[in-house]
Number of protein chains: 2
Amino acid sequence: MIHSKKTTKRDWVGSAGSHDHRVCIVDALDKAAALCSQRGARLTQIRRRVLELIWSNHRPIGAYSILEVLKKERTNAAPPTVYRALDFLLKQGLVHRIQSQNAFIGCPNPDPNLQHTGTFLICTDCGNAVELEETKIDRLLEISASNQGFVIESRTIEAAGLCTDCQVN
Amino acid sequence: MIHSKKTTKRDWVGSAGSHDHRVCIVDALDKAAALCSQRGARLTQIRRRVLELIWSNHRPIGAYSILEVLKKERTNAAPPTVYRALDFLLKQGLVHRIQSQNAFIGCPNPDPNLQHTGTFLICTDCGNAVELEETKIDRLLEISASNQGFVIESRTIEAAGLCTDCQVN
DNA sequence: TTATTAATTGTTATAGTATAACATTTATGA
DNA sequence: TCATAAATGTTATACTATAACAATTAATAA
Ligand SMILES: [Zn+2]
Ligand SMILES: [Zn+2]
Ligand SMILES: [Zn+2]
Ligand SMILES: [Zn+2]
């Protein structure tokens, strides 16, 4: 089963309330296939499967957690198997790296052209991470940087705290 | 010798031009001593030395690089020696962790009361990292978060790119 | 001072994250 | 089909971080 119907505290509930996560997964895989095809990049079986595993839920997942599952399906799976797939997915902008956790999360809105860097709200209780569209913060950071003569190439913005659901208790 | 006089490309040059880094070190150690004393926290020899090593320059330094030096001075030095010192220094807000590098850097302006989280510009060429005072970005991030009902407890903001000096070439 | 307790450091082992290097297989296009 | 490039297999190892328990040192009370 892809998704349990029973909603526990550790399941993800978006700002618009509970959701059918199967849609998230299908959506992400469809977008990935389209983007890769358009770019002439090969979304191989391994890469696709790794992306799917990353999209198991909305919590960042570590490389070795992915490997654990992958091993059950491919006797050959080893660390490089996963890290190579991750490198590909990162380069294609299909997943983001969560630096504060050495973990990876799917990008819900991969850029057709560039690979953007995301801004994340990460709940310390349920573990879910939400990616924000934060052009304002990006621009402000860019300005602060240019005041120092610094030219930004990529950024990591990760906020840890409590999501709506987890504040209740 | 603490600091070479010859300024190479890999030396740090602040926005106000080249500087005497010995002042940075003395300053940092003095502030640390004052803060710890004020808090009743013990800045032991090891902790002080680790802080000093972190302040060797303005580049984030890894725990095992610190260990390498420390070992020459204390036969006993082992990973926990360094990580415990780092834990202390982090808790006292005297150093920051650079998540994107699994490395540590001294805080030039430790908060007397709280331990703040820094905003960093990190040069991909020379490796130097500058900490910004970015209340505006923090506030903007806070607003974006609260729009989602999210309450931030800590943040990681790290921008990678080229500093003024390193753009020239 | 001395005994008691708490904090720090020593020591060994191991967990967790990531990449190097080279061999083999699979896909692609001439 | 053959040559080439891309992807995957395979083994080993480097790098980062913590667990667990012992020994030592510092702080505090008796
Ligand atoms: Zn979902
Ligand atoms: Zn939560
Ligand atoms: Zn300096
Ligand atoms: Zn630079």
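Donors are N, O and S atoms within 2.8 Å of the metal (3.2 Å for Na, K and Ca); water is not among the atoms, so sites may look incomplete. Keep that handy for the exercises below.

A word on the model: it is predicted, so local features need pLDDT of at least 70 and side-chain atom pairs count only at pLDDT 80 or more, while totals for chains, interfaces and linings use all residues. Residues are numbered from 1 along each chain as its sequence is written, chains are lettered from A and ligands numbered from 1 in the order in which they are written, and side-chain values use heavy atoms, with hydrogens and water left out.

**Exercise 1. Find the residues that coordinate the zinc ion (ligand 4), and work out the geometry.**

Step 1. Look for the donors: they are the SG atoms of B:Cys123, B:Cys126, B:Cys163 and B:Cys166, at 2.2 to 2.4 Å.

Step 2. Check the angles. Four donors count as tetrahedral if all angles lie between 85 and 135 degrees. Here the 4 donor atoms subtend 104 to 114 degrees, so the arrangement is tetrahedral.

Step 3. Now read along the chain: the donor residues are spaced C-x2-C-x36-C-x2-C. B:Cys123 sits in strand β5 (residues 119-123) of chain B and B:Cys166 in helix α6 (residues 164-167) of chain B, so this pair ties together parts 43 residues apart in sequence. Helices (H or I, at least four residues) and strands (E, at least two) are DSSP runs, numbered from the N terminus.

Step 4. Are these two cysteines buried or exposed? Buried means under 20% relative accessible area, exposed over 50%, and partly exposed in between (1.4 Å probe, protein chains only). Both B:Cys123 and B:Cys166 are buried.

**Exercise 2. Do the zinc ion (ligand 2) in chain A.**

Step 1. Its protein donors are the SG atoms of A:Cys123, A:Cys126, A:Cys163 and A:Cys166, lying 2.2 to 2.4 Å from the ion.

Step 2. The 4 donor atoms subtend angles of 103 to 114 degrees, which makes this site tetrahedral.

Step 3. Along the chain, the donors follow the spacing C-x2-C-x36-C-x2-C.

Step 4. As for burial, A:Cys123 is buried at 3% relative accessibility, and A:Cys126 is buried at 4%.

**Exercise 3. Work out which face of helix α3 (residues 63-73) of chain B is buried.**

Step 1. List the buried residues: B:Ala63, B:Ile66, B:Leu67 and B:Leu70.

Step 2. Look down the axis of α3(B). These residues fall within an arc of 100 degrees, so they line one face of the helix. (The arc is that of the directions from the helix axis to the C-beta atoms.) An α-helix has 3.6 residues a turn, so residues three or four places apart point the same way.

Step 3. Turn to the other side of α3(B), where B:Tyr64, B:Glu68 and B:Lys72 are exposed.

Step 4. Find the cover: it includes α2 (45-54), α4 (79-91) and β4 (103-106) of chain B.

**Exercise 4. Classify the ring pair A:Tyr64 and A:Tyr83.**

Step 1. Recall the rule: rings of Phe, Tyr and Trp (its six-membered ring) pair if their centres lie within 6.5 Å; planes under 30 degrees apart count as stacked, over 60 as edge-to-face and the rest as tilted. The whole structure has 2 aromatic pairs over all chains.

Step 2. The ring centres of A:Tyr64 and A:Tyr83 are 6.3 Å apart and the planes are at 65 degrees, so the pair is edge-to-face.

Step 3. A:Tyr64 lies in helix α3 (residues 63-73) of chain A and A:Tyr83 in helix α4 (residues 79-91) of chain A, so the pair ties together parts 19 residues apart in sequence.

Note on methods:
Contact means heavy atoms within 4.5 Å. Four donors count as tetrahedral if all angles lie between 85 and 135 degrees; four count as square planar and six as octahedral if opposite donors are over 155 degrees apart and all others between 65 and 115; anything else is irregular.
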